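Visitor: Please take me through one part of this structure closely. I am new to it.

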Amino acid sequence: MRTTLRLIAIAALLASPAAGLAMGHGHGKPPTVTCPTDGNVEAALATACPCAGTAGDTGPVGWKNHGQYVRCVVHYRNALRKAGCFTDDSVRRAVARCAARSTCGKSSDVVLCCHYQLGTCNDPNPADNVAAGTCSNGGAPCNASADCTQSSASLAHDVTACGADGGVVVVGGGSVCAPCPPPPPAS
């Protein structure tokens, strides 16, 4: 009976997430952390849980699935929280949301699809570099029409689905929380 109870206790210990961390197992689970010295939590997360996967003996090892990537980010975020790295609670909450809305660990066909709304600026003197105009697509202060480009990102099943939805694939992978780069030049 004692032997059975010991085996059950050992099995439970090995199955727990903390045991995986302490023993160096558990793909995607980072060890205890300290706050990034430069305060750049996003960069620390990208290093601890890279979208392409973790480093292996023979090179990068991709995530088995999207949930594995999100789990890595949440574990790392929790470790950062315990270390006192978050001064803004909204940033802490956004970390998991951004990981969940990413291409990381998904099929290689899934893409980050950027949608652009181009506007024009009515600044009477753009040469002075003072934002004295307003954008035609939202009334934001502007100096030139380039200041009036609004973008949003979404995930699309593939490049074709992105184009059918009026979007442009300019990044390929990543999170919808990252800003879209400037739109490609019109052809």
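How many aromatic pairs does the count come to?

Guide: This is a predicted model, where local features need pLDDT of at least 70, side-chain atom pairs count only at pLDDT 80 or more, and totals for chains, interfaces and linings use all residues. Residues are numbered from 1 along each chain as its sequence is written, and side-chain values use heavy atoms, with hydrogens and water left out.

The count comes to 1 aromatic pair. Rings of Phe, Tyr and Trp (its six-membered ring) pair if their centres lie within 6.5 Å; planes under 30 degrees apart are stacked, over 60 edge-to-face, the rest tilted. The ring centres of Trp-63 and Tyr-69 are 5.7 Å apart and the planes stand at 70°, so this pair is edge-to-face. Both Trp-63 and Tyr-69 are buried (under 20% relative accessible area, 1.4 Å probe, protein chains only).

Tyr-69 leads on to the largest pocket. Among the lining residues nearest its centre are Tyr-69, Glu-42 and Cys-98. A pocket is an open set of points on a 1 Å grid over the protein atoms alone, where a 1.4 Å probe fits, with protein on both sides within 12 Å along at least five of seven lines; lining residues have an atom within 4 Å of a point. In all, 19 residues line the largest pocket. They divide into 15 nonpolar, 3 polar and 1 charged (Ala, Val, Leu, Ile, Met, Phe, Trp, Tyr, Cys and Pro are nonpolar; Asp, Glu, Lys and Arg charged; the others, Gly among them, polar).

Definitions and conventions:
Buried < 20%, exposed > 50% of the residue type's maximum accessible area, 1.4 Å probe, protein only.
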